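Here are my notes on this one, in the order I'd go through them. Have the viewer open while you read.

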Amino acid sequence: MRALLFAIFLVLSFDHAAAQDRPDVTRLTADELQAKRRGASALIVLDVRGANEYAISHLEGSVRVGPEVDAAQIRRLLRGKLRGATVVFYCTAGVRSEAIAQKSEPLLRAAGARSVASLSDGIIGWSNAGLPLVDRNGRTQLVHTFDQQTARLLFEPSRARFEPR
C-alpha cells in the first residue's frame with residue numbers, strides 16, 4: 001500500500017512539475033478576437049474541428065486544419081505567412097484548440113509567429129457573443145455541438161446542429 005501511495009505521489013509530482021514547465025497559452029475571448037480581426041496586424045485563425053463541424057458553421061476567413069493537426073503540418077500549410085502573425089486556434093468549446101495551441105506554440109513562434117492563442121469557449125463562446133458565423137452558403141446561426149448536453153452551453157440551444165445541411 002505504501003509503495004502504491006508513493007508511486008501516485010511521484011506521478012502527481014511529475015505531472016505538476018511538467019505543467020509548470022509549459023507556459024500557459026494565451027486565451028482570447030470572442031470580443032478580443034473580434035477586435036484583432038478588425039486590426040491591421042497579420043492574423044491567422046485556424047479551426048481544429050472535424051469536417052462536419054466546420055461544414056455546419058465556422059468563423060469567416062478561418063482555415064480548417066482538423067483535430068489531428070500538428071505544428072509541423074501547420075508550418076508547412078502556412079509557409080511564408082507566419083512571420084509576425086498572431087495564430088489563433090479554435091474548436092467547439094476551447095479544449096482541443098488550447099491543447100493544440102499549447103503543443104504548437106514553440107514551433108510556430110520559432111517559424112516567425114508573433115503569438116499563438118486559443119479562443120476561450122470556442123465557437124460556442126463566439127456564437128454566444130452574437131458574433132457572425134458562416135457556412136458554405138453564407139451567414140448562419142447554427143453551431144455544431146456534439147450532443148444535447150453541449151447544446152445547453154449555447155444561449156440559444158435551438159441553434160445546435162449535429163449534421164451539415
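1. Start with Val 88, whose bridge partner in E5 is Ala 117. From E4 the chain passes through helix H5 (residues 95-110) and on to E5, a right-handed β-α-β crossover (with the strands pointing away from the viewer, the path from the first strand over the helix to the second runs clockwise). Strand E4 (residues 86-90) and E5 run parallel, joined by four bridges; strands pair if DSSP finds at least two bridges between them.

2. Before going on, the caveats: this is a predicted model, local features need pLDDT of at least 70, side-chain atom pairs count only at pLDDT 80 or more, and totals for chains, interfaces and linings use all residues. Residues are numbered from 1 along each chain as its sequence is written, and side-chain values use heavy atoms, with hydrogens and water left out.

3. Ala 117 also has Thr 26 standing opposite. Strand E1 (residues 26-28) runs parallel to E5, with three bridges between them. Four of the five residues of E5 (residues 115-119) are buried (under 20% relative accessible area, 1.4 Å probe, protein chains only).

4. Asp 135 sits in strand E6 (residues 133-135). Asp 135 counts as buried because its relative accessibility is 9%. A polar atom of the Asp 135 side chain lies 2.8 Å from the backbone nitrogen of Asn 137.

5. Overall, the chain has seven helices and nine strands (DSSP runs of H or I, at least four residues, and of E, at least two, numbered from the N terminus). Of its 165 residues, 42% count as buried.

Conventions:
Buried < 20%, exposed > 50% of the residue type's maximum accessible area, 1.4 Å probe, protein only. Polar contact = N/O pair within 3.5 Å; in protein donor to acceptor, adjacent residues only side chain to side chain.
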